Amino acid sequence: MKKWGFILLAFILWIGVMPKPSSAAQQASFEKELNQYLEEVSKQRGFKVTREHIEFSLAQYEEKIENFDSVEELRDFLGEVIQKDLSNLTEIYDEFNLNEASLRQLLQEHGEDLDEYVFVENLYDAVMLYIERDPNFDKNLQDYLAKISSIRGFPVTIDHINRSLSLYERKLEDFKTVKSLERFLGEVIKKDLSNLSYIYDEYDLNEKELRQLLQEHGKKLEDYVFLDDLEEDVITFLSEEWDAGVEDELLYDLLTVFEQEYGLTKEEIERLKNHLRSIEEHLMKEETIIALLDLADRMMAFEGFDEATELTKSQIEELISIFKDFQRIFKIKVTFSLVKDGSEKELSLFDLFNLKELINAKLKINIYSESGEFLADLLITGEIVDSDTLHRTGQTIRHGAQEAKSVKQEKNVSQKIEKKLKAVKDNEHKTVKGAKLPKTDSGYGMNAMVGLFIVLAGFLIFRQARKV
Amino acid sequence: MLETTKRSSRNKRLFLLFFASMIILAGLWFSAANSYKLFKGMLLPETHSETKQKAEAAQPAPEKNMKAEKVLYPTRPKIGEQIGELFIPKLNAVLPIYHGTNEEELEKGVGHFAGSVLPGEADNSVLSGHRDTVFRRLGEVGKGDELIVTTSAGEFTYKIYKVRIVDKDDRTVIVPKPRATLTVSTCYPFHFIGSAPERYVLVAYLVSEKLKK
């Protein structure tokens, strides 16, 4: 029943780290996966792509390989690979009015070669920087505004565009063509709101709830022209709620699972909730968060709690020590006892982790507050544990954890996107294009020699003059 | 009659002697001044001393998340001002960097091309130096080597990813870059006598930075 121990720990861990997710340690398998990934990319790109290529590509966004927890994350971040037949560059061609020859020419003018690029995104950003501004920009912009006005259902003006761009610290001047502006701003919200279903699904909202969420933050749906801007705000507003404290609703969801599966009474749930609320201030403290993150890292070292791997004694000891620290942080005391044939036998944590299965017995988990006040008890029967229930509970918890994680990832992604933007963001100070390289012959050596020749000439004249 | 001829020829001789002396003096001065500049330039690279390394190591590692939005250079340097140091680990040499690439700056050390961004900033920061003084041994530095620039904003480590040899009139080196880049150039070939027809260019990208608070 090691699984159970893990799940319980994860439960506590999850509540603990939910508001401020931690970073997992890089896994040992990372290198292996990275090599596989490199091989795969090489095959697509048509030449050998090395770790250096990846490092170089990441540097464009001020990122490093070490900052990624998994190769999957790295892959997502780097995006599409330029195919060896360049078949997937059509978007770039289209957006900047280029073809293969003029693209190569453009890169050459900047001392580069297409082979230096592995990923579409890197190339895109470079082209965006290198290319001259479209002379028809203003005219095309008017056409674009007219087009999106009819989609959105109200007149969209340049002010709308500027406001949207300012969210990403961009200016209209940063764009060289209207097509790239269009790509950057993304999908326009349709006037009948029919394309909001993605946001509804992703953030578990409906139109009414969405409107309410916006209203709470002094916004309304009509303030938004682009889907991305709306989503950005939805994420921000929702995460504000998340950060506001120990998350109520999710906590409640989780406790409900316990209620259904383990016979927790409403009073017990209330007590647990109240307990967590009473220590909310303590939980939100910087030291607590740091301690939790530290514990989370130690937990992560065990790599997933759903694998029934055999644990060594020292690993079990580490788990127990983590468990104890969690209890300390959450100011709870947990005792375990085995209920068999009407008699109760207290179990130590060590026994718990060594417990193989529950046959004809019940595991009772008593949760007390630090002051010894009884909060709740959970009863787990062998049948429950051996049935799908445990699995289901595990899944629920995992799902919850993943939800928390996915919001975290989205946050990360948007941070990264912001970073991406920043990296290419127009700087007040720019390097000029195509200046002549400074003359770097000092000529000192030559001049010294010339000087000596002059001296020699002087001597010759001197001698001649004396002869005269 | 003879007297006058004699006198005039004596005058002429005196004049020639004086003129010759002047030429010798001027030649000596010119030669000495240039030799002085050359040797001064050659002696510019300091070795990266132990104590310095220690001092750097003692600095606390800056917080990763502190990667700030802050402006690296609140005030832009003036031409001729020293803006920092370039450390080339491969050559174990530390060179002063001056803002500007006129002869006056290049005489004192490595020049920072004023039409390019400052080290550490996104985009291309261009440094140039004399091939016969500060960058005498730049040919030994190549792909994969590091270049470390320390300025008022912090310490920036760049990794060389490209070595180029281009014509002196090439316009593809000083160009904007989509990433923080350091371009170091000098004349090429290194031992050419006279005005060299090519440029030796190292292109490096920023791999890490330690910002000063």
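**Burial and fold of chain A.** In this predicted model, 23% of the 468 residues of chain A count as buried. Chain A holds 22 helices and 4 strands. Take the contacts in chain A with a separation of 6 or more: residues 24 or more positions apart account for 71% of them.

**Helix α12 of chain A and the glycine that follows.** Helix α12(A) covers residues 207–216. Of its 10 residues, the number buried is 0, so α12(A) lies largely in the open. Gly218(A) follows α12(A). The phi of Gly218(A) is positive, near 70°.

**Helix α22 of chain A, residues 444–467.** Helix α22(A) has 24 residues. Tyr444(A) is buried in α22(A), and so are Gly451(A) and Gly458(A).

**The side of chain A that touches chain B.** Chain A brings 43 residues to the contact, and chain B brings 62 residues. Five helices of chain A are named here: α3 (51–59), α6 (100–109), α7 (120–130), α21 (388–424) and α22 each supply at least two residues of the chain A side. The largest share of that side, 16 residues, comes from α22(A). By class, the chain A side has 23 nonpolar, 14 polar and 6 charged residues.

Definitions and conventions
Residues numbered from 1 in each chain as written. Chains lettered and ligands numbered in written order. Predicted model: local features only at pLDDT ≥ 70, side-chain atom pairs only at ≥ 80, totals over all residues. Expected span 1.5 Å × (residues − 1). Buried ≥ 20, exposed ≤ 12 C-beta atoms within 10 Å, placed from the backbone. Contact = placed C-beta atoms within 7 Å. Nonpolar A, V, L, I, M, F, W, Y, C, P; charged D, E, K, R; others polar.
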